[in-house]
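Work through these exercises with the model in view. Try each task before you read its solution.

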Amino acid sequence: MQGFANKEAVLKTASERRATFYSRSRSQLWTKGETSNNFINIHDISLDCDRDSIIYLGKPVGPACHTGTATCFYTSLDDLIDDPQGGKHKLALSTLYSLENIISQRKAELASFQTGKPSWTKRLLLDNKLLCSKIREEADELCRTMEENEGRSRTASEAADVVYHILVSLAVQEVKFEEVLEHLRERFSQSGIEEKKNRAPKVTKD
């Protein structure tokens, strides 16, 4: 990401080891993650030869960009010239991959000692019956938005719930979202009827 920093912001970053910047619109310091908890823990600070640009080298706790992507620089100028809609497509994928990464982090945290009430994601990861019931519930609510003509905003909100719970179910079963996309790409060249006809038989575990 890129941000503006004054002397006080740099000094605070150096002392507290968390990326801090200066907001020119609010005229105050701000630490990345102070509202989202997506802090950037700084390991080193480098200056360029003219000493008017600074690089904070660190490890982000979560997405660096407010859009939910790992980086703010996800749009290629060449791709944008060739395909003006390409930036939006990349943002959509980056958001999904970022969500997948967060869910994976929550799953990894389950291996360590837990104190207090677990997050909703962790509860779902630990309870297959609860997760399956939520997927069915959210899918039904999405269908209702169409049946009852609840509008675009409501439809998008319910669809987001479905996508989130699907990603949690993938994490439980150690399936990467890229594997889902690969199956979709394979179906581009054939009809849905043929694809379903040629699917491998289901394998059940004892």
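**Exercise 1: a residue in a helix**

Task: State where Glu 138 is found, and decide whether Glu 138 is buried or exposed.

Solution. Glu 138 is found in helix α5, residues 128-147. Helices are DSSP runs of H or I with at least four residues, and strands are runs of E with at least two, numbered from the N terminus. This is a predicted model: local features need pLDDT of at least 70, side-chain atom pairs count only at pLDDT 80 or more, and totals for chains, interfaces and linings use all residues. Residues are numbered from 1 along each chain as its sequence is written, and side-chain values use heavy atoms, with hydrogens and water left out.

Next, take the relative accessible area of Glu 138, which is 5%. Buried means under 20%, exposed over 50%, and partly exposed in between (1.4 Å probe, protein chains only). So Glu 138 is buried.

Last, list contacts (heavy atoms within 4.5 Å). Glu 138 touches Glu 158, Asp 161, Val 162 and His 165, leaving aside residues up to four places away in sequence.

**Exercise 2: a hairpin**

Task: Describe how strands β3 and β4 run and how many bridges join them.

Solution. Locate β3 at residues 40-47 and β4 at residues 54-60. Strands pair if DSSP finds at least two bridges between them. Here seven bridges join the two, which run antiparallel. Leu 47 stands opposite Ile 54 in β4. Six residues lie between the strands of this hairpin, and Arg 51 in the turn has a positive phi of about 55°.
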